[in-house]
Amino acid sequence: MQFNPAKITNTKQAQGIFPIKNIKKYKSNNPPIYRSSWEKDIMVSLDMNPAVTEWSVEPFSIPYQCPIENKMKNYFPDFYVRYIDNKGIEKAQIIEVKPLKQCYMQYAKSKKDKMVVAINQSKWAYAMDFCKRNGLEFKLITEKELYGK
């Protein structure tokens, strides 16, 4: 499926195109668009970390069953990353960046947040199956992992 980034709009969140420094590591024809300061912080880390050999933004789509609309939709993971781990083994993973309240029901306060959690958990179940079938890891990053909050 062709990359179709959501339009960058004026919201409270930081949004823009990330200025890549290590262009050889960025393996995509898609622009490195970030839709939050958290995504931008991840991009800085991916771009500057010497263990990262390749990365891209919203690299592909994964079909999933939306539990609210009960129909198939496409999920675009935030990042694809290829890196060398501390044992010298090359690994690849997809990364999703979300606030805790959009990940787990115990943090979701509103009805809307609970619907978002249900949708996200469905996306991630399909993503984990996709990763398992394709030799990838799935990593969810929240403010807890990112900033220790």
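Buried, as I use the word, means under 20% relative accessible area; exposed means over 50%, and partly exposed is in between, with a 1.4 Å probe and protein chains only. This is a predicted model, in which local features need pLDDT of at least 70 and side-chain atom pairs count only at pLDDT 80 or more, while totals for chains, interfaces and linings use all residues. Residues are numbered from 1 along each chain as its sequence is written, and side-chain values use heavy atoms, with hydrogens and water left out.

I start with Glu-143. With a relative accessible area of 17%, Glu-143 is buried. Glu-143 lies in helix α3, residues 143–147. Helices here are DSSP runs of H or I of at least four residues, strands are runs of E of at least two, and both are numbered from the N terminus. Leaving aside residues up to four places away in sequence, Glu-143 touches Trp-38, Lys-98, Pro-99, Leu-100, Gly-148 and Lys-149; contact means heavy atoms within 4.5 Å.

Next, the aromatic rings. Rings of Phe, Tyr and Trp, the last by its six-membered ring, pair if their centres lie within 6.5 Å; planes under 30 degrees apart count as stacked, over 60 as edge-to-face, and the rest as tilted. Searching the whole structure gives seven aromatic pairs. One of them is the tilted pair of Phe-60 and Phe-130, at 5.2 Å centre to centre and 40° between the planes. Phe-60 sits in the loop between β3 (52–57) and β4 (62–66), and Phe-130 in helix α2 (residues 111–134), so this pair ties together parts that are 70 residues apart in sequence. Is Phe-130 buried or exposed? Phe-130 counts as buried, at 18% relative accessibility, whereas Phe-60 is partly exposed at 22%.

Tyr-104 and Tyr-107 form an edge-to-face pair, 6.3 Å centre to centre with 65° between the planes. Tyr-104 is partly exposed at 34% relative accessibility, and Tyr-107 is partly exposed at 36%. Ring pairs also link Phe-18, Tyr-26, Trp-55 and Phe-79 into a cluster.

Last, a pocket. On a 1 Å grid over the protein atoms alone, a pocket is an open set of points with protein on both sides within 12 Å along at least five of seven lines, and lining residues have an atom within 4 Å of a point. The second largest pocket is lined by 14 residues, and Ser-45, Leu-46, Asn-49, Gln-93 and Lys-139 lie nearest its centre. Helix α1 gives the largest share of that lining, four residues.

Terms used: On a 1 Å grid over the protein atoms alone, a cavity is a set of points where a 1.4 Å probe fits but cannot get out, and a pocket is an open set with protein on both sides within 12 Å along at least five of seven lines; lining residues have an atom within 4 Å of a point.
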